[in-house]
Number of protein chains: 2
Amino acid sequence: MLINHPFKPSHTLLGISRGSVFAALVCIAFVLPSIAKAQKQPVDYVNAFIGTTNFGTTNPGAVCPNGLMSVVPFNVMGSADNKFDKDARWWSTPYEYNNVYFTGYSHVNLSGVGCPDLGSLLLMPTTGKLSVDYKEYGSTMTEQKASPGFYSNFLPRYGIRTEVTATPRTSIARFWFPKGKSNILLNLGEGLTNETGAMVRRVSDNEYEGMKLLGTFCYNPQAVFPIYFVMRVEAKTTATGYWKKQRPMTGVEAEWDKDNGQYKLYTNYKKEIAGDDIGVYLNFDTEENQAVVVRMGVSFVSMENARENLNTEQKGKDFEQIRDEARNKWNKDLSKIEVEGGTDDQKTVFYTALYHTLLHPNILQDVNGQYPTLETGEVKTMREGNRYTVFSLWDTYRNVHQLLTLVYPNRQKDMVKTMIDMYREHGWLPKWELYGRETYTMEGDPSIPVIVDTWLKGLRGYDINTAYEAMRKGATTPGPQNLLRPDNDDYLSLGYVPLREQYDNSVSHALEYYIADNALSRLATALGKKADAQQFYKRSLGYRHYYSKEYGTFRPILPNGKFYSPFNPKQGENFEPSPGFHEGNAWNYTFYVPHDVMGLAKLMGGQKNFVEKLQTVFDKELYDPANEPDIAYPHLFSYFKGDEWRTQKELHRLMAKYFKNAPDGIPGNDDTGTMSAWLVFNMMGFYPDCPGEPAYTLSSPVFNRVTIHLDKEQWGRNELIIETKCQQPSDIYINRITLGNKLFKGYRVSHEDLLKGGKLMFELKGSH
Amino acid sequence: MLINHPFKPSHTLLGISRGSVFAALVCIAFVLPSIAKAQKQPVDYVNAFIGTTNFGTTNPGAVCPNGLMSVVPFNVMGSADNKFDKDARWWSTPYEYNNVYFTGYSHVNLSGVGCPDLGSLLLMPTTGKLSVDYKEYGSTMTEQKASPGFYSNFLPRYGIRTEVTATPRTSIARFWFPKGKSNILLNLGEGLTNETGAMVRRVSDNEYEGMKLLGTFCYNPQAVFPIYFVMRVEAKTTATGYWKKQRPMTGVEAEWDKDNGQYKLYTNYKKEIAGDDIGVYLNFDTEENQAVVVRMGVSFVSMENARENLNTEQKGKDFEQIRDEARNKWNKDLSKIEVEGGTDDQKTVFYTALYHTLLHPNILQDVNGQYPTLETGEVKTMREGNRYTVFSLWDTYRNVHQLLTLVYPNRQKDMVKTMIDMYREHGWLPKWELYGRETYTMEGDPSIPVIVDTWLKGLRGYDINTAYEAMRKGATTPGPQNLLRPDNDDYLSLGYVPLREQYDNSVSHALEYYIADNALSRLATALGKKADAQQFYKRSLGYRHYYSKEYGTFRPILPNGKFYSPFNPKQGENFEPSPGFHEGNAWNYTFYVPHDVMGLAKLMGGQKNFVEKLQTVFDKELYDPANEPDIAYPHLFSYFKGDEWRTQKELHRLMAKYFKNAPDGIPGNDDTGTMSAWLVFNMMGFYPDCPGEPAYTLSSPVFNRVTIHLDKEQWGRNELIIETKCQQPSDIYINRITLGNKLFKGYRVSHEDLLKGGKLMFELKGSH
């Protein structure tokens, strides 16, 4: 997802790729067992720099799996040429690989999103004369090192080495200063978020607590929320104080105020300070190579909770212990999937992708269980499990939750419980929830396929009746009072959403409703609600209204019932606005009816026409690998007998072309792990291409052997194994599939059958 | 006191005076006893509009005697022509009589000062469509009414009548709305202070708590302090929210943010907000003439204390009760001095002046006794008595504390205790203390004469030994580490302060040190510290260094020991800078040696030369009635036998010329009551012209009879009575004085003798 991006997220923009890891497929499983295997753990394969340029918007910061806290080197402001700076263009990441100007560590960040938010509480070490102006105090950075839960760099300007690591809700930084005057700055005025305003209070010379406003995600002015923090600095200070940029005054009076419009230092003020652009400074006399440790706890509930989080999670622990614990947590999670065969680069992109799928949604509640409820401003307490936040559901409903369901079912269960609780709190299921606020970003009703998919796969442990009530409310509430489907009046009465404003994304809206209603119909069936099932199923076929025989694509419909004219199905490329379609053109949406592929094919005149047209999308580069609507296009070939090889071919081509062990190794916004989950599934050889349908399309894996360590209590077995047999690296076409040692016919397997089989074996060949 | 004022505080600027109340003296005591006397109380005579223009910088707001809270109609921003607006010129008052554009009530204000500060927490009622921009939402105001503890006006634009009253630490406002949509705004971004930054938190739809930064008094960037508040609105709201002016962004990104640089409404955000320019709005549906009550408590310690102050002081009380209690407190205090005879206008200026002397210093501690200590950032608790704040000591050491000592001794005692506690906290006695911060405004060591004067008059109840230690520290600590006397190195080694920078006010500094050292010498004598007494006395005569025979005035001395040249003793008029002198010229300072008038006269060649030269100051209008250094000049004639009539003549002339029952009825900044205390004493016929010396110069009173109700426990008697006998209104010259019914010789009486006598009688005549 990427809103109104004015630039094409081109994979060729930055020529730093180390080349495709898929350029030659590896087929060495039983030939060359890696001798390093015993030593190199999954965590060692993660390259946290993948996706940090080319609009991947991931970052190399220190974070725990699904952790609230992340500590990211912030390098997108204050540089001389400003090329990658946050205010020079649409910008949505605190870190860009090609930028070199470091202005501190931002605390609590988003990964892979398309809009700017969070990325604040900027912690910066400097030396010499104090400057609090980020345009002055930044430094280049070198010697960057990143591994899960750890990041380090060196600041040549100051001769400072910096290191950071994290617990789920807290951070710890260690700055190695040279001898002399040293400073630590906490900048609360700047950051990635466009929201401003903060308050900070001196508790002692070494401890500060405060609050900063965040929000306006995707330029939604109302999606505002606070972050609370406490910061402890472990060193004897020589002086401490605040700064605040003074509001510019005009007129005669302004002449009297020498600080007018400037950063003013508050050298002797000891109570709390508040303002748009404020910060805290601490001065030290340091010895050569003296380490100063800074610990920070955060909370979205209160400063007290931020302190409790810090006290609890870091109690008695030093930097090394915390770093090691973070690493171990990652290794444990990443080891849930073990891969064999494949090159180191392939393992790297795989485990990095898996790493990226375990960043968001992340936990929200404090160690005492408290969390801000959705949109109410109230605080509640978790009795058990986790409360999650950062639900980028228009993206993640497609594959992230399916991956979590299979491999990390307890997390998925808690996420579904969270979504149902959000309905209880706010009256609506989430759409794009961010730290207790509904940002209403993107369209559709994406909670439905997530919950239905989870339920139909047999994952239980939440109140499905309330969930159904919530989903039904979203599906049936008419008019503008429907916060999830604001155009439901049209949709309910016409079966589609007509184009009422030039760029109202009407077709995209309706296509999402069809998918959601199809999923809801499946659940209604499962729950024995036949009438509902029939109604929602019928609705889900309304996509047919949009099919234009003339163009062979979907096409917006005007309020008078006629197609929108003049019509150019290609309009919408490069993030240009397109009537009826959001972040794409008609080609990127026309095949997006995963719940009725055969029906769509029939509309198009049958298999041959469908397949030819779909192949054209790839051949003419109408396919957008960087955005969600068409990411399951390659799998559609597999619905048609004899054309399944196209799925295998296109997937291998796309993986090879767009995913690399390099900073530009993701073709666009990772979208809180959606692009990465796509890669994880497809590298393993199966993909959930119809959200809400408990099934996967099978394709040829990249690895020789994949072992998914399952939750036996949930899935009834310890492992799901995927094996590949091939003769040479170019063998990418499926010759034969066995499941549970029995020949498997077809290219689509139900979740239940897959788990019953327990072992999937692909025999590959070099041509189709 | 008025710092660097770019305009002459001319009494002719605004031609709205109702004419001098002293134009014809009244002499009717035994002729026409006022028949209204029995009904009209002292409180009824107060005209709170006196001093509200002509730079008097008083205001007509609601306040209790020495109360922390004041509620003032804020009318100095946002008007179309901006003539009297705070940012259009040097400005130091929240209210100006000739301004008509009302933008709300400011809470906690200064009265009579020369620098902008406080005057924030702006509470504004409006109707119709919500606007949060003060440039839009202001209204003209009419039907202003003010009496001690109460103020009311009408807003024609909205049809709203507003009323406010106060308890010592809380306010209550009542807005009478018309039928329709109504709004209440609390603006935390604007105000008189130049400091910005605030935080406010919604407790419920009807209650808000928060903090606002205040300070930078007299453009001291470090004198910053917070005010805490809680606001309760007694009406059912239809909506509530915040606003914040968005920081202007530039660059491409700015284009995406529609609120960029604008006031943004936060319609659904329910946690706290912080920023430079924020506020709270509440919407109501009101019936015709519906009253909405808004209660506010403040504290300089915490929001919790603000709430406790509100709960305690307003418990169970409605608007009328609170208004009546405030009025009764004022009447009780003002009735300590009863005057008879004199016109209503004379009584009005008298009681208004007395009212103005009872505004500052004001109490600081909360109802639970807590207060912020001076400069430490710590909180302490009063066990008994009051902690005071707002010590404009360069002004008030001259007469305000002398008036309090005589008439309100318990307050003066608590103020002295406060000053000694400030030394304990900060290490230095106060100079210009403001809500827990030392602003270091103006020069000298003014706590010394205040404490010495109090002690030598016999008022006890504080630790004089610690006080002496503190005073001695200020007098003897060398070098720049002396925070009260930064040029003490020069002063101690040379006996004067040479001019080291063009506008370093060196002569003014030294003259203040002489006075302080003389007072300290008197106390040393009283405490039996003979060597100290001798040393400080000797120092106090160092003024002689500055006397230039050539000019007959004081004249700056250069570091090489020579007089500053070229020299113009008139330079310094109209607040132009003057080498060596602060807010005045050589003429305004040359006679300011009240502790050695005879010595100065000797320097000048004896009585004749002294008197002639002093008379010239008046005749050539070199006397500045609007500033402190020369305000005791008229009394100096009385040191010389045969010339005492000049004191009487000049005082009556000055009172008649500069003090009126009119908004421009004070000749310049009231200086937290100093101009008013001057008037109170002189209208009664005696004046403490040498701070630190327990004595008064006698002059002819304005009233026929003055009864000061004394604290018998303190002064040994219930009343001090001053009677005047005259034949006709023009009888202003003293023919004969009796004290305690005995003939009194001379024109200067000790405090002790005055109180022993108990009754002072002036027999006046028409010519000298």
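A salt bridge here is a side-chain nitrogen of Lys or Arg within 4 Å of a carboxyl oxygen of Asp or Glu. By that rule, the side chains of E195(A) and K264(B) form one, with N and O 2.9 Å apart. Keep this pair in view, as we begin where chain B and chain A meet.

First, some housekeeping. The model is predicted: local features need pLDDT of at least 70, side-chain atom pairs count only at pLDDT 80 or more, and totals for chains, interfaces and linings use all residues. Residues are numbered from 1 along each chain as its sequence is written, chains are lettered from A and ligands numbered from 1 in the order in which they are written, and side-chain values use heavy atoms, with hydrogens and water left out.

How are the two chains related?

Now look at the contact itself, counted where heavy atoms come within 4.5 Å. Chain B brings 60 residues to it and chain A brings 60 residues. Because 100% of the interface residues of chain B are also interface residues in chain A, the copies meet through the same surface.

The size of an interface is often given as the accessible area lost when the parts come together. Here, the area buried between chain B and chain A is about 4,700 Å², and carbon and sulfur atoms give 49% of it; buried area is the accessible area (1.4 Å probe) that two parts lose on being put together, summed over both. On the chain B side, R247(B), E253(B) and W256(B) lose the most area to chain A, together 16% of what that side buries.

The E195(A)–K264(B) pair joins the two chains through a salt bridge, and the rule finds eight salt bridges across this interface. There are also 27 residue pairs in polar contact between chain B and chain A, both residues at pLDDT 80 or more. A polar contact is a pair of N or O atoms within 3.5 Å; within protein, one must be able to donate a hydrogen and the other to accept it, and residues adjacent in sequence count only if both atoms are side-chain atoms.

Which elements of chain B give two or more residues to the side that touches chain A? They are β12 (198-204), β13 (207-215), β14 (224-234), β15 (239-245), β16 (263-266) and β17 (273-275). Such elements are DSSP runs numbered from the N terminus, helices being H or I of at least four residues and strands E of at least two. β14(B) gives the most, with four residues. By class, the residues on this side of chain B divide into 25 nonpolar, 15 polar and 20 charged; Ala, Val, Leu, Ile, Met, Phe, Trp, Tyr, Cys and Pro count as nonpolar, Asp, Glu, Lys and Arg as charged, and the others, Gly among them, as polar.

Let us turn to the sheets of chain B. Strands of a sheet pair through backbone hydrogen bonds, either parallel or antiparallel. Two strands pair here if DSSP finds at least two bridges between them. One open sheet has six strands with mixed pairing, in the order β20-β32-β33-β37-β34-β35. β20 (337-340) and β35 (742-743) of chain B stand at its edges with a single partner strand each, so one side of each is left without a neighbour in the sheet. Inside this sheet, β32 (705-709) and β33 (719-725) of chain B pair antiparallel over five bridges, and I708(B) has L720(B) as its bridge partner in β33(B).

Another open sheet has three strands in antiparallel pairing, in the order β25-β26-β27 of chain B. β26 (432-434) of chain B is joined to β27(B) by two bridges, and L434(B) stands opposite R437(B).

Finally, some local details in chain A. The peptide bond from H360(A) to P361(A) is cis, with omega near -15°, and P361(A) sits in the loop between α5 (344-357) and β21 (362-363) of chain A. M442(A), a residue other than glycine, has a positive phi near 60°; its loop runs between β27 (437-438) and α9 (447-456) of chain A.
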